[in-house]
Amino acid sequence: MIKKALITAKVHPYIHHRLHELGYSVDIKPEIEQIDLLPIIQDYEILIITTYTKVDKLLIDNATKLKIVGRVGSGMENVDITYCQHKNIRCFNSPEGNGNAVGEHSLAMLLCLINNIIPANAELQQGLFLREENRGVELDGNTVGIIGYGHTGSAFAKKLRGFDVEVLVYDRYKKATDNFVKNVTLETLQQQSNIVSFHVPYTTDTHYYCNATFISKCLKKPIVINTSRGAILNTIDVILALKQDKISGLCIDVFEDEPLQKNKIHHYELYQKLISFRQVIATPHIAGWTVESKHKLAKILMDKIEHAIFL
């Protein structure tokens, strides 16, 4: 009997080729709707997904042959891992693959923001040569707080080593062992940080982690960076904090609605308001989206899957 694998996203062709080498017939249906996936999922032993395919109880119950779910990337909030385990379906992801890319992107957004690079470039394109209005501030001398010290949080910390900054780390589940960071309580991080960067997975515990209450405890009106998941930030609370000068700026790569026009959580106009602030830099969920990371994510995931197949 032919073994079949299904890929439901635009992933690196390395995955397709590697599955073929392992003896699988591969179907590629990028961005297939959930309603169309349900009737066919029973044919597949391996399912390769990214963010937008939900592996929930209904899908799992229909997936009578499914043995492996592979998530290209890190976040597993769209996979019911507990129910998969109940059904003897093994789940894998590849968070190691884009940590460096996210670390670089976080630093790039931060430097662009504090040096007014985006508005200055836009003004030059309009014929405006404004120097004093675009006077920046230096990163040296600041205290950077990193919440979550996994693959992306630790990568961001490593990128900061070239600057004269103090790096504070709060991770609920583990202590950082790198000698260039300092483990602190969340309260200390909020009190001392000029910059706060989120690198946590999305769970019920981290939903709206950065909200009005969190911001009120940040004493230095920090710049906030979010390259983790959109719902880590309460969009309405962050807009209000920007209006009231309770935070100095925002670097954001992820949103509660993706794309912004989805209108499932908030209306598009709310996001337009968010990104209209001069002290906001926004990108469309591309922090981990480099040429190099696309291949690394694929290879790491397939190494794990191949190892599981031959256990």
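How many salt bridges does the count come to? In this predicted model, the count comes to 14 salt bridges. Here are close-ups of a few of them.

**View A. Aspartate 27 and lysine 4 meet side chain to side chain in a salt bridge.** From N to O, the gap is 3.6 Å. Lysine 4 belongs to strand S1 (residues 3-7) and aspartate 27 to strand S2 (residues 24-28), so this pair ties together parts that are 23 residues apart in sequence. How accessible are the two partners? Aspartate 27 has a relative accessible area of 22%, which makes it partly exposed, and lysine 4 is partly exposed too, at 23%.

**View B. Lysine 67 and glutamate 45 form a salt bridge through their side chains.** Here the N to O distance is 3.7 Å. Both ends sit in loops: glutamate 45 in the one between helix H2 (34-37) and strand S3 (46-49), lysine 67 in the one between helix H3 (57-62) and strand S4 (68-71), so parts 22 residues apart in sequence get tied together. Look at the accessibility as well: glutamate 45 counts as buried, at 14%, whereas lysine 67 is partly exposed, at 44%.

**View C. Lysine 299 pairs up with aspartate 303 in a salt bridge.** Their closest N and O atoms are 2.9 Å apart. Lysine 299 is partly exposed at 35% relative accessibility, and aspartate 303 is partly exposed at 30%.

How values were computed. Residues numbered from 1 in each chain as written. Predicted model: local features only at pLDDT ≥ 70, side-chain atom pairs only at ≥ 80, totals over all residues. Heavy atoms only, no water. Salt bridge = Lys/Arg side-chain N within 4 Å of Asp/Glu carboxyl O. Helix = DSSP H or I, 4+ residues; strand = E, 2+ residues; numbered from the N terminus. Buried < 20%, exposed > 50% of the residue type's maximum accessible area, 1.4 Å probe, protein only.
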